[in-house]
Amino acid sequence: MDGTALLTITVLAVFVGFEVVSKVSSTLHTPLMSGANAIHGIILVGAIIVAGQAANPWVLAVALLAVVLATANLVGGFVVTDRMLHMFHAKKDAARTGAEPKAGGK
Amino acid sequence: MSVLDPVWTSLLYLAAAVCFILALRGLSSPRTARRGNLVGALGALIAVVTVFLSARLENTPWILAAIAVGSAVAAPVARRVKMTQMPQLVALFNGVGGGAAALVALLELGHAENPWVRVAIVFTLLVGAVSFAGSGITFAKLQELMTTRPVVFPGLPVVMAVVLLAAVAAGVAVVTTASLPLAVLLLVLGLAAGVLLVLPVGGADVPIVISLLNAFTGLAVAASGLVLGNVLLVVAGTLVGASGTILTRAMAAAMGRSVAGILFGAFRGGSTAGSTAVSERPVRSSSPEDVAVLLGYAQRVIIVPGYGLAVAQGQHTAAELALALEARGIEVDFAIHPVAGRMPGHMNVLLAEANVPYESLKEMGEINPEFKTADVALVVGANDVVNPAAKTSSGSPIYGMPILEVAEARQVVFLKRSMRPGFAGIENDLLYEPQTSLLFGDAKESLAQVLGAVKAL
């Protein structure tokens, strides 16, 4: 892919990022940070490509280290975000069956 | 093995990128957030399967083993971590992501024919290394493996300047010569810069640094996408970079400070070091029974939870107390400061864990006008975010930070461990006001005692 096309995509992605994230409610800022954190774990794809091309054992060793780190970022990030968001979800049921539901919430 | 042709590969990467955008979009409401996150995970899965099917990969068994190791380490930690320790974990995962990006860039140097690609490599190396080392220090501070106070030593700005200049020089040399040893040197300089960047940041500002480093890792990943010519990495990294930037700025605004002021404040000696002098003025201390009477016969109570509540794992007891008061017909709300806890929105997560409906969690702008009508403001383990010095004393390190205006409430009750000043190390004059009473003790125990007394009313 040539440079201009990549640049175009990068610039558009910046705007999409700003647009999408500015709509996130401040209640969810921690999950946002952890979710965004999980997304950059996709560097795993890059680490896999590099490891897959490794011709000598040293390069392979470093690349595999990158794979381990990237996987930890990716898997850990999504798991922990899911756990957090599960609480926001489960809470609605708790509120419904709980002793004192607040009438007329948002 | 190459099952997929390039067109299919591109389309599948596009699908993964769309999944990531939808994941972030889902977070606009708690209702759609969890599904959004699962869509994001699906996108990641699509991308990883695609890379295995499309690229001509050697060493596949090794790679699969490494993925297994990474998952086996991270998943249990992610599943077991306490919600109070969330900021550290985010910092840690962020750091390893940055480290992975830097390593990928280092290994690609041998394949980079084009000098522009080497520019992207240099950028990834440096920013990834800064993010890795900076996140490590952030983790150590949050985990209290080291002091949470700013670490400054004479000559720090000079050392930082030397490291940065050396990094720029090494970077230029790597671009022109593609020398691997110089690239390794650049990596080391990046690590040093990361450490020096975060050391002088005071504990209260650490959340902002996590967010900033998150943006850094995003940018490093985007740059590594340019190195590898991989559109998905470019899009995903840029999304994270943009979101991290917005969040960093939003948080800095919530604390009434500029990002540059936080990062370089300590270099100029103006960070949150604060004063540590504890005055000898008298305070009104109270018993759990007195507090229960105050609360139990009020009409409107606003609970202001802070990090002390989280440390004491008292969020469940606080939620029970709110229920008990509501059962007596009292209107109870939780006032959440944007930086309550150790990262933005942290307190919302902790209270969500304790099953407090999110409708009861009021943001600062929404709740501040309501303090006037509140009979009691119950401040549990918070200090700096209710400190009127932020409005009144221009010399204070927290001056300008928007606060929750608990002083407006008819009565203010502080549940505190001791008279020790808060994270920012500043004394709170509100503690000495006539309408204020204090109940000393561990937040959870105090709450449990107050809860018992309320039930006995």
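**Close-up views of a predicted two-chain model**

**View 1. The helices of chain A.** The secondary structure of chain A amounts to 4 helices and 0 strands, and its elements follow the order α-α-α-α from the N terminus on. This is a predicted model, and the views below should be read with that in mind. Chain A has 106 residues, of which 55% are buried. When contacts in chain A between residues at least 6 apart in sequence are considered, 59% of them join residues at least 24 apart.

View 2. An unreviewed UniProt entry places the feature "transmembrane region" at residues 6-22, 34-52 and 58-81 of chain A.

**View 3. The largest nonpolar core and the surroundings of Ala47(A).** The largest nonpolar core holds 202 residues, and those that touch the most other members are Ala47(A), Val67(A), Val304(B) and Val379(B). Helix α4 (residues 57-97) of chain A supplies the largest share of this core, with 18 residues. Around Ala47(A), once its neighbours within four places in sequence are left aside, the contacts are Ala63(A), Ala66(A), Val67(A) and Ala70(A), together with Ala100(B) and Val104(B) of chain B.

**View 4. The contact between chain B and chain A.** On one side of this contact are 98 residues of chain B, and on the other are 82 residues of chain A. Helix α9 (residues 231-254) of chain B gives the most to the side of chain B that touches chain A, contributing 16 residues. The residues on that side of chain B comprise 62 nonpolar, 27 polar and 9 charged.

**View 5. Strand β1 of chain B and its two partners.** Strand β1 (residues 300-305) of chain B is largely enclosed by the rest of the structure, because 5 of its 6 residues are buried. β1(B) pairs in the parallel sense with strand β2 (residues 331-336) of chain B over 4 bridges, and within this pairing Val301(B) has Val332(B) as its bridge partner in β2(B). β1(B) also pairs in the parallel sense with strand β4 (residues 376-380) of chain B, here over 5 bridges, and the bridge partner of Ile303(B) in β4(B) is Leu378(B).

**View 6. Helix α5 of chain B.** Helix α5 (residues 115-142) of chain B has 28 residues and should therefore span 40 Å at 1.5 Å a residue, which agrees with its end C-alpha atoms being 40 Å apart. The helix α5(B) is mostly covered, with 23 of its 28 residues buried. After α5(B) comes Glu144(B), whose phi is positive, near 60 degrees.

**View 7. Helix α13 of chain B.** Helix α13 (residues 315-327) of chain B has 13 residues and reaches 18 Å from its first C-alpha to its last, close to the 18 Å expected at 1.5 Å a residue. The buried residues in α13(B) include Gln315(B) and Thr317(B), along with Ala318(B), Ala319(B), Leu321(B), Ala322(B), Ala324(B) and Leu325(B). Gly329(B) follows α13(B) and has a positive phi, near 85 degrees.

Note on methods: Residues numbered from 1 in each chain as written. Chains lettered and ligands numbered in written order. Predicted model: local features only at pLDDT ≥ 70, side-chain atom pairs only at ≥ 80, totals over all residues. Buried ≥ 20, exposed ≤ 12 C-beta atoms within 10 Å, placed from the backbone. Helix = DSSP H or I, 4+ residues; strand = E, 2+ residues; numbered from the N terminus. Pairing = 2+ DSSP bridges. Contact = placed C-beta atoms within 7 Å. Nonpolar A, V, L, I, M, F, W, Y, C, P; charged D, E, K, R; others polar. Core = buried A, V, L, I, M, F, W, Y, C linked by C-beta atoms within 7 Å. Expected span 1.5 Å × (residues − 1). UniProt positions renumbered as here; feature names shortened; annotations may be inferred.
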